[in-house]
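Hi everyone, thanks for coming.

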Amino acid sequence: MRSDIIPLYSHYDTIIVGARCAGASTAMLLSRAGLRVLAVDRQSYGSDTLSTHALMRPAVMQLSRWGLLQPLIQSGAPVIRSTTFHYGEQEVTVPIRLEPNIPGLIAPHRAVLDRMLVDAARAAGATVLHDTPVRDLIFDRHGSVRGIVLRDASGQTREVSADLVIGADGLGSFVARKVEARTLVQGRCSVAHVFGYASAPALSGYHWYFGRNLSGGMIPTNDGLACIVASMPTERFDMEFRFDLSAAQLALASLAPGLGSLVFGDGGERLKAFRGAPGRLRQAYGPGWILVGDAGFFRDPLTSHGISDALRDAEGAATAILSFRRSALQEFQEVRDSLALPLLETTDAISAFDWSLEELPERHKRFSEAMKSEVAVLSARAEFDQEVPPTLQGPRTSRVEAI
Ligand SMILES: Cc1cc2nc3c(=O)[nH]c(=O)nc-3n(C[C@H](O)[C@H](O)[C@H](O)COP(=O)(O)OP(=O)(O)OC[C@H]3O[C@@H](n4cnc5c(N)ncnc54)[C@H](O)[C@@H]3O)c2cc1C
């Protein structure tokens, strides 16, 4: 929706910068509870982004609870019932544990997933603007964030105030920079990812392949396509692939026969590359601001967990805001960190590429244990949903100010 043709209030309970996994989810949850929410993204509605999209169990649990899993499956994202790890010649297939509301995992294309989250936020009453960059934050004289400066689609600059501004603006977060959010923990590994799409209608399950300084993945997604990804340490990417992404295809072919030939397949799309960045856990909140998604916590994509983190922290932040207690934001950060730190540590252990194929399964097991702790927290949230009817209909006044 264009920002020059929509009437905006001059003040919102919450303004969210960024409207993808983290931002659109937060907007949806806060709007469902009755807050007046504006979410703003500089990119277009329904656009793609630089990311593969294998969802792990925590993300699927959240989407199921929010009523979005079935629509995503109906969008054509195939249901995934197994994950196969290929350690050289050895294959280990792990069936996905099914539950009444979880028929399997899914890997919807980002354009599909992000659009559906935005639609859900709008349906809940949020105003979501695209093609609208946020140029600055507004601070009061005590240093609290009090609003944003945006550039609307006609090129005009406008100021909009809010009780709270949420940075859901990704890894290079502008909000985090402006509020000078402290980095609490820095990861140690950086992995590059090169990916593209190929026709693979018969592919079932996630497949992950591992070799020396290289890993590969096949992720079944919408339209009978598979997302094919090659991952390698950033130093190797810089030396061998940066100026010739198609070399990644040859490398994949050496890892697993048939895998390399799929990349260009008949999808015909350009390969995309992410050069890598070390993980980073930032301070989650401060006066008048909160960070969610990659803006607050980034870990290497090799363990396919970023969207799970984004949805989990969107809900954690929304719950804290809606509790109208000062201490709730500290509790949000503590829960986030207790889950994020083991995920960061075990992801780095895999992303280090310093393992042998015999050692790697144990590192995957440790990552899986970290994810189980997260699943336990999310399951407790699901039980809470059942106990408490949806009475989070807070007044549409600025109660957010209380925190
Ligand atoms: C190569 C790669 C592969 C990945 N694969 C997976 C995977 O398989 N599974 C998985 O779970 N995760 C994966 N991830 C991680 C996942 O992409 C992220 O964790 C997730 O996108 C985080 O969502 P987010 O909403 O926090 O940020 P983003 O998706 O980055 O969205 C941030 C939004 O903020 C907007 N924005 C930024 N600045 C401004 C501004 N000033 N004004 C207005 N808008 C602004 C941007 O336009 C953007 O749309 C991968 C990441 C990469 C890089």
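Let's begin with T183, which stands opposite R282 in β15. Helices (H or I, at least four residues) and strands (E, at least two) are DSSP runs, numbered from the N terminus. Before I go on, this is a predicted model: local features need pLDDT of at least 70, side-chain atom pairs count only at pLDDT 80 or more, and totals for chains, interfaces and linings use all residues. Residues are numbered from 1 along each chain as its sequence is written.

β9 and β15 (residues 280-282) run antiparallel, joined by three bridges; two strands pair if DSSP finds at least two bridges between them. They belong to an open sheet of three strands, ordered β9-β15-β18, with antiparallel pairing. β9 (183-186) and β18 (297-298) are at the edges with a single partner strand each, so one side of each has no neighbour in the sheet. Helix α10 (residues 328-351) packs on this sheet and touches β9, β15 and β18, where contact means C-beta atoms, placed from the backbone, within 7 Å.

Now, which residues come nearest to the ligand? Of the 35 residues around the ligand, they are G18, S51, G170, G293 and G306; a residue counts as near if its C-beta atom, placed from the backbone, lies within 6 Å. α9 gives the most, with four residues.

That's my tour, so over to you!

How values were computed. Two residues are in contact if their C-beta atoms, placed from the backbone, lie within 7 Å. Axes are lines fitted to C-alpha atoms, for helices over the stretch in contact, and angles run from 0 to 180 degrees between N-to-C directions.
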